[in-house]
Amino acid sequence: MYTTKKQNNIVIHDFAFSGTTSLTSVNLEGVTKVGKYAFADAGLGEYTETDQYGEETYHYVIYFPSSSISTVNLSSDNVVVEEGAFYACAKLDRVVLGMDAVVGDFAFADSSVRSVSFVDPDEDKAANGATVGTGAFAACIYLSEFDFKDVAGVLPDMAFYACASLTSVDAPYITEIGEACFADCYNLSYFKADRLEVVGAYGFAPYNEQSSQGAVFETVYIPNLTTIGEGAFNACINLKSIDLSKVTNMDFAAFYMCIALEEVVISDSLTALPDYAFFGCTKLSGLSLNDIVSFGAYSLYGVQLPTHLE
């Protein structure tokens with residue numbers, strides 16, 4: 001176990017403990033910054049392929065599993081966890097962060113973390129909520145517990161991509177989710193985000209070539225949703241209903257092959273359906289199209305339409 005001294009503003013620099021094998025727990029009380037790949041499960045190596053003319057065609061950075069860290073406590077005020085700090089920690093189980101933590105790009109990606117919680121290190125100080133970077137928890141396939149109520153603002157691209165054990169998200173302070181943020185979270189059965197306005201491309205959809213379905217929720221609670229990116233709900237095969245009463249922008253194939261979708265409330269301000277918008281939604285009926293002035297290719301393919309349209 002590694003424990004910092006009882007003092008503040010401790011900085012752990014880039015690669016400081018990368019590739020260590022003996023650490024099982026790190027109590028980083030007083031640490032305000034953890035540098036890039038500081039504890040990454042890595043003995044770094046590089047591999048480059050060249051073509052017949054000697055030009056570089058592929059370049060890899062290779063990570064070799066080694067770390068035994070299972071618990072991380074980073075509950076200080078204003079802590080910053082930089083890019084890849086705990087990348088691919090294969091035995092990581094539990095992480096505790098301060099409520100105003102800044103979690104960098106791919107900070108815990110591809111690790112075995114199962115639980116992430118936030119604590120208030122200073123109850124007299126108002127916390128604005130933690131923020132997470134691109135791919136911060138991507139491919140954390142065992143992550144099942146995460147305090148989304150302590151995260152605010154934007155969840156960027158691939159933040160929780162392929163978190164296959166994640167089943168429930170209640171994120172009252174999130175306003176936007178980026179591309180593939182919850183893509184390949186194929187066990188996600190509950191999603192609520194009262195302030196969410198933007199769902200990026202493939203937000204809940206299958207994202208890699210081996211995936212065939214998106215999230216499995218039957219409904220979502222996003223009352224302030226205004227913008228839906230390309231394929232955002234693509235192949236969410238259990239989705240039955242969704243409120244689009246405030247949506248003004250919808251992109252290509254937003255609800256492609258949502259085969260269980262039955263009920264959709266469309267905003268009066270939505271005037272265009274993009275290509276493949278509701279393609280394959282064969283159970284969808286009663287769709288109000290009075291305000292739509294532009295219908296994209298195959299936008300209503302398979303939808304149960306009335307016999308007469310005006």
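This is a predicted model: local features need pLDDT of at least 70, side-chain atom pairs count only at pLDDT 80 or more; totals for chains, interfaces and linings use all residues.
I started with Glu179: its relative accessibility is 32%, so Glu179 counts as partly exposed.

Where does Glu179 sit? I found Glu179 in the loop between strand E16 (174-177) and strand E17 (190-192). Glu179 also turned up in a negative surface patch, together with Asp157, Glu176 and Glu197.

Next up, cysteines. How many disulfides does the structure hold? I got zero. I checked Cys140 anyway: Cys140 is in no disulfide, and the nearest cysteine sulfur, that of Cys163, lies 5.3 Å away. Cys140 has a relative accessible area of 0%, so I noted Cys140 as buried.

Most residues other than glycine have a negative phi, so I looked for exceptions. Ala139 is not a glycine, yet its phi is positive, about 60°. I located Ala139 in the loop between strand E12 (131-132) and strand E13 (145-146).

Ala162 also has a positive phi of about 60° without being a glycine. I placed Ala162 in the loop between strand E14 (153-155) and strand E15 (168-170).

Buried or partly exposed, these two alanines? Ala139 comes out at 24% relative accessibility, so Ala139 counts as partly exposed. Ala162 is at 16% and therefore counts as buried, since the cut-off for buried is under 20%.

Notes: Residues are numbered from 1 along each chain as its sequence is written. Side-chain values use heavy atoms; hydrogens and water are left out. Patches are made of residues with over 30% relative accessible area and no salt bridge: like charges are joined within 9 Å, nonpolar side chains (Val, Leu, Ile, Met, Phe, Trp, Tyr) within 5 Å. Accessible areas come from the Shrake-Rupley method with a 1.4 Å probe; for residues, only the protein chains shown count as cover. A salt bridge is a side-chain nitrogen of Lys or Arg within 4 Å of a carboxyl oxygen of Asp or Glu. Lys and Arg count as positive and Asp and Glu as negative; His and the chain ends are not counted. The place of a charge is taken as NZ of Lys, CZ of Arg, CG of Asp or CD of Glu. Helices (H or I, at least four residues) and strands (E, at least two) are DSSP runs, numbered from the N terminus. Buried means under 20% relative accessible area, exposed over 50%, partly exposed in between (1.4 Å probe, protein chains only). A disulfide is a pair of cysteine sulfur atoms within 2.5 Å.
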